Amino acid sequence: MSLGFVVGKPYGKMHRYDFFVEGGQNVWRVQIKTSTCMRDGRYQLCVQRITHRRVVAYRKDELDFVVAYLMPEQAWYVLPITVIAGRRSFLLAPPGFRGKNALAQYREAWHLLGKPTGPLF
């Protein structure tokens, strides 16, 4: 919201996403995940859900983005569903990480949501 995106929360608990975000002409389904657990200098992010007592990965038809917050770093990743569909966990590098970071292009990639259309807070 502080970037100017219009953000809404769906009514009820039947949706696979936490929020919808209006960016330009699009409305995106967004799931928010937070990580505080480090492994090998990167943060482990679980992107899974439970259905019928099974842990499963998200599918492309359930969401558009997963927005991940690395709490200790106060850093964000904006991950398109095409990148994470079918996977249940990732390692996300903090700012300043010197090793390989295959998802670096998605750190603070708010532009993927389109142009903000709401008021700035």
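Predicted model: local features only at pLDDT ≥ 70, side-chain atom pairs only at ≥ 80, totals over all residues.
Which residues does Gly41 touch, not counting residues up to four places away in sequence?

Residues are numbered from 1 along each chain as its sequence is written, and side-chain values use heavy atoms, with hydrogens and water left out.

**View 1. Gly41 and its contacts.** Gly41 touches Pro94 and Phe97, leaving out residues up to four places away in sequence; contact means heavy atoms within 4.5 Å. Gly41 sits in the loop between strand E4 (38–39) and E5; strands (E, at least two residues) and helices (H or I, at least four) are DSSP runs, numbered from the N terminus. Gly41 counts as partly exposed because its relative accessibility is 34%; buried means under 20% relative accessible area, exposed over 50%, and partly exposed in between (1.4 Å probe, protein chains only). From Gly41 to Lys60 is 19 residues in sequence and 29 Å in space, C-alpha to C-alpha.

**View 2. The largest nonpolar core.** A nonpolar core is a set of buried Ala, Val, Leu, Ile, Met, Phe, Trp, Tyr and Cys residues joined through side-chain atoms within 4.5 Å. The largest has 19 residues, and Tyr77, Leu79, Ile84, Leu92 and Leu103 have the most contacts inside it. Two or more of this core's residues come from each of strand E5 (42–46), strand E8 (65–70), strand E9 (75–80), helix H1 (81–84) and strand E10 (89–92). Leaving aside neighbours within four places in sequence, Ile84 is in contact with Val47, Val66, Leu79 and Phe90.

**View 3. The largest pocket.** A pocket is an open set of points on a 1 Å grid over the protein atoms alone, where a 1.4 Å probe fits, with protein on both sides within 12 Å along at least five of seven lines; lining residues have an atom within 4 Å of a point. The largest pocket holds about 300 Å³ of space. Its lining has 13 residues, and those closest to the centre are Met1, Val7, Ile32, Trp76 and Trp110. Strand E2 (19–23) and strand E3 (26–35) are the elements that give two or more residues to this lining.

**View 4. The second largest pocket.** About 170 Å³ of space lies here. Lys9, Pro10, Gly12, Lys13, Met14, His15, Tyr17 and Asp18 line the second largest pocket.

Definitions and conventions
Points joined across faces, edges and corners; volume = space filled by probe spheres on them.
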